[in-house]
Each structure stands twice: as C-alpha cells, then as structure tokens.
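Open the model in your viewer and keep the sequence panel handy. We will go from stop to stop, selecting as we go.

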Amino acid sequence: MNKVISLMGPTACGKTDLAIFLKKNFNVEIVSVDSVMLYKEFNIGSAKPDLKTLIDYPHRMVDILEPHQDYSVAKFYQDLLTQINTIHSVKKTPLLVGGSMMYFRTFFSGGLSNLDPVSKDIRTKVSNMLENFGLSYLYSFLKEIDPKSANKIQFNDRYRVVRMLEIYFSNKEKPSDVLKKCSENVQCFNNLNLSIIPNNRIFLHKNIEKRINIMLEKGFLNEVLDLKRKYIGINLPAIKTIGYKQANEHLNGNYDLDTMKNKMLYATRQLAKRQITWLRHLDATTVYTFADYDNIKSRVNIFLEET
C-alpha cells in the first residue's frame with residue numbers, strides 16, 4: 001500500500017523547518033496542508049516559506065489560488081489526492097505538513113460526503129436568519145430538524161450551526177444523514193502520523209509572540225494594505241483568517257496597533273489550543289513534545305523501510 005507521512009502540530013511549533021530537514025534526508029515531496037498558504041499574495045501573515053526556500057524545497061498546494069477564489073474542504077481533498085497520486089507515480093513519498101486540522105481530518109476519514117454545493121441564495125438565507133433571529137434560534141431550529149447533528153455541536157458554535165443549516169437547505173436532507181454517506185473517492189494509504197504537541201505552553205506562547213513580531217517587522221501591515229488597495233470591493237476569503245482579520249480591522253481604524261497585536265496574539269493562542277486539543281484526540285499518531293529531529297528522523301526511516 002502506498003505510504004503517506006503526515007506532520008502535524010499547532011502554529012509556531014517548527015513544522016516547516018522540520019519538513020525541510022526530512023526533505024533533505026528522505027525521498028519525500030512536501031505537500032502543504034494550510035488553508036491560507038493556498039492563496040497567492042497572502043505571504044507574510046501565513047508564514048509562507050520565502051521564495052528561495054520554495055525554489056530549493058518545493059511545497060505543493062502553495063500559491064494555487066488567486067486571492068478572490070473560493071475554496072472548499074471537499075475541493076482540497078480532491079486536489080490533495082491528485083498531488084499524492086502524482087508523487088507516488090514518481091516513486092516518492094508525500095509528506096503532508098500543516099496545521100489545518102479540518103483538512104487533515106477530511107484526509108484521514110476518506111473525504112467528505114458528496115454534498116450539493118451551497119448556493120449564494122442559501123448562504124444569504126441562513127445569514128439573514130442569523131441576523132434576524134440570532135444564533136440561539138438557529139440552534140433550536142437545527143435541533144428540531146436534526147437532533148443528532150445538534151447534539152454534536154455546542155449551542156454557541158456559530159460556524160458549525162450555520163454550516164449544518166446550509167447543508168440542510170442545500171441537500172433537503174438531515175445533515176447527519178448527508179454526512180454519513182460514504183464518499184465515492186475514498187482511498188486508503190499506509191499512513192505515518194507524526195504530531196508535535198508541545199508540553200511547555202509558555203514556550204509555545206513565546207514562539208507565537210515572536211512570530212507575530214517578525215511578521216510585523218517584515219511588513220505584514222503593508223501586505224494587507226496592498227491587498228485591500230488592489231482588490232477594492234472584492235471578497236477575499238483569506239482576509240478573514242487569524243492575523244489578516246485583525247490587521248484589516250486595524251487598517252480600517254477600528255483599533256490601534258497595540259490592540260491589534262494583542263488581538264492577534266490572543267486569537268493565535270486560541271487557535272493553537274484548538275489544534276492541540278484535536279491532535280490529542282487523534283488515534284494512531286506518534287506524539288513528540290517538540291520538533292525532536294533525531295527521533296523523528298529515526299521513526300520516518302523505519303516507516304519508509306517497512307515493506
């Protein structure tokens with residue numbers, strides 16, 4: 001069975017440097033599993049490797065989208081399978097690297113069910129329901145039409161409640177029934193899952209703060225300002241992500257620089273916390289408390305030598 005290595009961890013834990021180290025030592029191809037690195041021009045805020053690094057150590061699934069393009073988890077899964085199969089065809093091993101846990105979850109579960117696409121009208125309908133009646137009403141509505149889905153979601157989880165209702169109105173079925181259907185595109189691989197879960201929260205928080213300071217020194221605010229000027233009136237999906245969202249609010253005059261930095265820091269810490277929580281519940285993964293190069297190299301070597 002074809003092999004796939006997945007290197008996962010929270011933001012600012014050293015995944016990219018470790019991936020490059022593994023690339024230098026093994027016959028692997030790096031595949032980015034990051035929802036923002038997909039986008040061209042979103043460079044500094046996504047901690048995208050610089051151009052020289054990308055030339056020396058190519059990362060697939062980086063810079064494949066224009067800034068205004070919409071993208072879905074289902075589309076990512078299909079694109080990811082294409083990349084994996086291409087890498088296998090040249091007798092190499094895919095090394096999936098990133099912190100977008102929803103993408104990893106989709107890969108490990110064999111893809112999403114075949115959902116009907118959510119139209120703009122349905123998105124507007126659900127958005128209007130939320131604006132007019134509030135999140136509590138939407139959750140109650142979901143609980144009435146599909147208790148099974150509602151019971152798996154916190155009542156204040158805005159994103160998932162809205163998503164379930166979009167699925168309901170798009171497919172005219174209970175979301176739980178739709179999501180239960182098996183994907184026709186399931187492919188099985190021999191997976192080695194490596195998770196970096198730092199046991200020193202203070203160290204991770206310092207790394208996050210350091211990363212934010214480096215981003216600002218590199219001209220992050222100018223990057224966001226250039227995007228805003230270049231794409232006036234155009235929806236940019238990645239501008240809503242952590243870091244870009246706070247910078248955009250600051251540039252819109254909603255708060256000062258120090259407040260922006262504090263909000264970025266808080267949001268990034270919360271993201272890392274969610275990433276770690278998900279990794280702790282992931283079965284069949286080898287956990288390291290830091291980017292332990294020697295032991296990880298040894299584990300990868302054993303995996304690749306297995307027949």
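Which residues touch the most other members of the largest nonpolar core? Select F42 and L96: among the 49 residues of that core, these two touch the most other members. A nonpolar core here is a set of buried Ala, Val, Leu, Ile, Met, Phe, Trp, Tyr and Cys residues joined through side-chain atoms within 4.5 Å. Buried means under 20% relative accessible area, exposed over 50%, and partly exposed in between, with a 1.4 Å probe and protein chains only. Elements giving two or more residues to this core include β1 (3-8), β2 (28-33), α3 (73-89) and α13 (257-280); helices (H or I, at least four residues) and strands (E, at least two) are DSSP runs numbered from the N terminus.

Before moving on, two notes on the model. It is predicted, with local features needing pLDDT of at least 70 and side-chain atom pairs counting only at pLDDT 80 or more, while totals for chains, interfaces and linings use all residues. Residues are numbered from 1 along each chain as its sequence is written, and side-chain values use heavy atoms, leaving out hydrogens and water.

Stay on F42 and show its surroundings. Leaving aside neighbours within four places in sequence, F42 is in contact (heavy atoms within 4.5 Å) with V36, K48, P67, E223, L227, L236, A238, I239 and Y244. A second, separate core has 21 residues, including L7, A19, V28 and L192.

Next, select α4. Its residues M101, Y103, F104, T106 and F107 are buried, and the buried residues of α4 pack against β1, β2, α3, β4 (93-98), β5 (190-196) and α13.

Now colour α12 and α13. Their axes, lines fitted to C-alpha atoms over the stretch in contact, lie 9 Å apart. The two helices pack at an angle of about 165°, on a scale from 0 to 180 degrees between N-to-C directions. They are therefore roughly antiparallel, a label for angles over 145 degrees. Show Q246, A247 and H250 in α12, which meet L257, M260, K263, M264 and A267 in α13.

Staying in α13, click L271. L271 is partly exposed, at 24% relative accessible area.

Finish at R299 in helix α14 (residues 293-305). R299 touches L192, L194, T286 and Y288, not counting residues up to four places away in sequence.

Technical notes
Angles under 35 degrees count as roughly parallel, over 145 as roughly antiparallel, 65 to 115 as roughly perpendicular and the rest as oblique.
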